[in-house]
Amino acid sequence: MVDTPQEIKEKRFGRVIPILLVFSGLLALGLVFRWGRPVKPVVRVEWEGQKYLTPTDLLVYLGTDAESPNMSDWKDWETKLSRHPRIKKVRITRDPDGFLLVHIEEKVAEFVIHVGSSLYEVDENLEILSKDQVLNAHLIVISGSFVVGEQKLEGRQIFDITKEMRYALSLYPALSTRISELVAERDGNYTMYLKSPKSMKVFIGDKLEINVLRKLYASLAYMEAESIKAVSIDLRGEDAVYH
């Protein structure tokens, strides 16, 4: 007697059900074994994701001993760390075996702003990430009499300067390793200091525009190609002048 297609489907379905039930049972037992056992107290912390912040920095910020941190208030850590000016996102998970995994995503510092006697790391929105504790030593410093707000740099001048510098560096990335500092002078002129290929002073003039920065890039390329030795470059005229 030959089974009909419908009977074949029913037999196959009847064989699959026990397999699914066994699999579900094993999975349930695994979960019970994993999560049903007593959770151990937190005894260890693992950090991941941070680029410049160290575990010591973060533990000090949390107000606990960096050598022997107090784990009793770990449930408050995520809220506290989310308020850190340098942290963009934080996620804390607890393992039943007794350790915390803290994943940190840092904000990206773009420039160091020098105002008065203080140095501020700021991101692309001019939000202050640090004060007098520069962690990224490779950033370009921008100096001037800028307005420092409670949480960010304010004012049209610093906004325009960082916007122009950001655009120039996107077009000519090599300048990021050449420029050490840009100074907005009190008389309205701009002066730049280079660190590579050698220390050098650059007179920009009273306008910080992409054409001037393009001229700087071309001048440095020409100097390096022709092995020109100079201590300063004047970009205030139509042509670059080396001294």
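Trainee: Which helix gives the most to the lining of the largest pocket, and with how many residues?

Mentor: Helix α4, residues 156-171, gives the most, with three residues. Keep in mind as we go that this is a predicted model.

Trainee: What makes up the rest of the picture around that pocket, by class and by position?

Mentor: The lining has 18 residues, and Val108, Ala109, Glu110, Asn136 and Leu139 lie nearest the centre. By class, eight are nonpolar, four polar and six charged. The pocket's volume is about 370 Å³.

Trainee: Why is the pair Arg178 and Glu224 called a polar contact?

Mentor: Their side chains are joined at 3.1 Å, and the cut-off for such N or O pairs is 3.5 Å, so the distance qualifies. Arg178 itself is found in the loop between α4 and β10. Besides Glu224, Arg178 touches Leu194, Lys195, Ser196, Pro197 and Leu220, leaving aside residues up to four places away in sequence.

Trainee: How do you know that β5 and β6 pair?

Mentor: Pairing needs at least two bridges, and three join β5 to β6, so they pair. The two strands run antiparallel, and Val122 stands opposite Ile128 in β6.

Trainee: Why is β6 called an edge strand?

Mentor: The open sheet has nine strands in the order β6-β5-β4-β7-β10-β11-β12-β13-β14, with mixed pairing. Both β6 and β14 pair on one side only, and those are the edge strands.

Trainee: What about confidence: where does pLDDT stay under 50?

Mentor: Over residues 31-35, for which the model has six contacts beyond four places in sequence. Where pLDDT is low, the predicted coordinates should not be read in detail. For the chain, the mean pLDDT is 86, with 84% of residues at 70 or more.

How values were computed. Residues are numbered from 1 along each chain as its sequence is written. This is a predicted model: local features need pLDDT of at least 70, side-chain atom pairs count only at pLDDT 80 or more; totals for chains, interfaces and linings use all residues. Side-chain values use heavy atoms; hydrogens and water are left out. pLDDT is the predictor's confidence in each residue, from 0 to 100. Contact means heavy atoms within 4.5 Å. On a 1 Å grid over the protein atoms alone, a cavity is a set of points where a 1.4 Å probe fits but cannot get out, and a pocket is an open set with protein on both sides within 12 Å along at least five of seven lines; lining residues have an atom within 4 Å of a point. Grid points are joined across faces, edges and corners, and a volume is the space filled by probe spheres set on the points. Helices (H or I, at least four residues) and strands (E, at least two) are DSSP runs, numbered from the N terminus. Ala, Val, Leu, Ile, Met, Phe, Trp, Tyr, Cys and Pro count as nonpolar, Asp, Glu, Lys and Arg as charged, and the others, Gly among them, as polar. A polar contact is a pair of N or O atoms within 3.5 Å; within protein, one must be able to donate a hydrogen and the other to accept it, and residues adjacent in sequence count only if both atoms are side-chain atoms.
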